[in-house]
Amino acid sequence: MFITLGFMLLPKNGDVKPDLLILAVRPSVIHNWAGKSKMRKILLGMSTAELKLLAVELGEKEFRGKQVADWLYRQGCNKMSQMANLPVAFKTKLEEGYEAGRSLVKKTSKSKDGTFKLLLQPAYGELVETVGMPYEGRFSCCVSTQVGCPIGCAFCATGAGGFKRNLSAGEIVDQVLSVGEVAIKEKLLDGEGRVSHVVFMGMGEPLLNYDATLAAVHLLNTELKIGMRNVTLSTIGYVPGIYRLAGEDLQCTLAVSLHAADDALRRKLVPGMTRFTLQEITDACKHYFRETSRRVTFEYCLLKGVNDGKADSARLADLLKGQNCHVNLIPFNTVAESGFYPPEAIRIVDFRRVLEEAGVMVTQREQRGAGIQAACGQLRRQALST
Ligand code: SF4
């Protein structure tokens, strides 16, 4: 059982005190999915360099650490006993204090377009959602960085469930490994194929779990060989996180969710991030571009009759014109009982035209995963209510 402090940490105006979120800690003794009561350290999430140090600490040659990394990240191994080329004494030492840390796939939901969503039971703690998406010539995984989310966006199933805890870097990487394995099993990838792109757009706000998110990005790059340019980090507009990220010398794409073109409406739609105005958010994005030369993507979820009007598109065009960016329009993916609805097709066309006439580049996100509760947090909520 985890200590859940997310709701208690939300002040009255709904704004987040991110530094306090790390207080949602794991207790020292816990039952894992295998029913073991002693909490052992998790290997997944350690880099090859860290595993080499661990091997030396346990009295082995450094290269044994590299072998462990190969089993974890390249062979998808979840048991020391399966690590065939390790000496028995080393395996025994590892088993005493560590476990690999892979999750179990508790539920798989598949869509006709090949998109699938996994509900994962991590070694310790609450269920995690992740999504696999096949495209022509590439395979994407959408990862969660938190269980639940403290932001509470009005239209989001995850936000409605509140914040539970931060995920570790290993738990984030585990999602990518699990998606790759299921994709091979489902013949969406051949045996040699692998997840080529990762988007941090699942449950949670990545920049409020900054260290684990950053560590996961590096692990995806160094251990799973996923190019930095194939990684997209998304944020609801946590300004200090954007400035910090700009200094990391990463080449990943930054996607910033706006969802409104005026501050009053944004405060209603995104109640957990009222500290920063749209101007402050776009200023941070300009800084990010100056530092990294990477063009920022602005995500805008179109909600019928709420933020899809002519005045909304004109305000958004004013806010973004002249900025080196691009806008991704996302027609709302219906969440049961949310009270929000997808926009009419004509509204999407008009909205896009206004932006393009102002010189703002626009794309429209393809609808994926129809029929599989594809909006983030939906599958987890459904599982918890049954
Ligand atoms: S849309 Fe994203 S930031 Fe908003 S509540 Fe959902 S998961 Fe959190």
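Predicted model: local features only at pLDDT ≥ 70, side-chain atom pairs only at ≥ 80, totals over all residues.
A residue counts as buried here if 20 or more other C-beta atoms lie within 10 Å of its own, as exposed if there are 12 or fewer, and as partly exposed in between, with the C-beta atoms placed from the backbone. Residues are numbered from 1 along each chain as its sequence is written.

Let's start with the overall layout. The chain has 14 helices and 14 strands; these are DSSP runs numbered from the N terminus, with helices being H or I over at least four residues and strands being E over at least two. Next come contacts, meaning pairs of residues whose C-beta atoms, placed from the backbone, lie within 7 Å. Take the contacts between residues at least 6 apart in sequence, and 68% of them join residues at least 24 apart.

Now to the ligand. A residue is near a molecule if its C-beta atom, placed from the backbone, lies within 6 Å of it. There are 12 residues around the ligand, and Cys149, Ile151, Cys153, Cys156 and Gly159 come nearest. Sorted by class, the shell holds seven nonpolar, four polar and one charged. For that sorting, Ala, Val, Leu, Ile, Met, Phe, Trp, Tyr, Cys and Pro are nonpolar, Asp, Glu, Lys and Arg are charged, and the others, Gly among them, are polar.

On to the helix pairs. Two packed helices are described by the angle between their axes and the distance between the axes. The axes are lines fitted to C-alpha atoms, for helices over the stretch in contact, and the angles run from 0 to 180 degrees between N-to-C directions. Angles under 35 degrees count as roughly parallel, over 145 as roughly antiparallel, 65 to 115 as roughly perpendicular and the rest as oblique.

Take helix 7 (residues 169-185) and helix 8 (residues 210-222): their axes are 8 Å apart and the packing angle is about 45 degrees. Helix 7 and helix 8 are therefore oblique to each other. Their crossing is right-handed, the term for a near helix turned clockwise from the far one by less than a right angle, with anticlockwise being left-handed. On the helix 7 side, Ala169, Ile172, Val173 and Val176 meet Ala212, Ala215, Ala216, Leu219 and Leu220 of helix 8. That contact has nine nonpolar residues, no polar and no charged.

A second pair is helix 9 (residues 239-246) and helix 11 (residues 278-292), whose axes come within 9 Å and cross at roughly 5 degrees. That makes helix 9 roughly parallel to helix 11. Helix 9 brings Val239, Ile242, Tyr243, Leu245 and Ala246 to the contact, and its partners in helix 11 include Ile281, Ala284, Cys285 and Tyr288. The class count for this contact is nine nonpolar, two polar and two charged residues.

Further along, helix 12 (residues 310-320) packs with helix 13 (residues 345-357) at an angle of about 25 degrees, with the axes 9 Å apart. Helix 12 and helix 13 are therefore roughly parallel to each other, and helix 12 passes helix 13 in a right-handed crossing. Lys310, Ser313, Ala314, Leu316 and Ala317 of helix 12 make the contact with Asp350, Phe351, Val354 and Leu355 of helix 13.

Which individual residues are worth a look? Leu329 sits in strand 13 (residues 325-331) and is buried, with 21 other C-beta atoms within 10 Å. Beyond its neighbours within four places in sequence, Leu329 is in contact with several residues, among them Tyr300, Leu302, Ile348 and Phe351. The C-alpha atoms of Leu329 and Leu302 are separated by 6.8 Å, though the two residues are 27 apart along the chain.

Lys187 has a positive phi of about 60 degrees although it is not a glycine; Lys187 lies in the loop between helix 7 and strand 9 (197-200) and counts as exposed, with 9 C-beta neighbours inside 10 Å. Ser293, also not a glycine, has a positive phi of about 60 degrees too. Ser293 belongs to the loop between helix 11 and strand 12 (296-302), and with 9 other C-beta atoms within 10 Å it is exposed.

Definitions and conventions. Contact = placed C-beta atoms within 7 Å.
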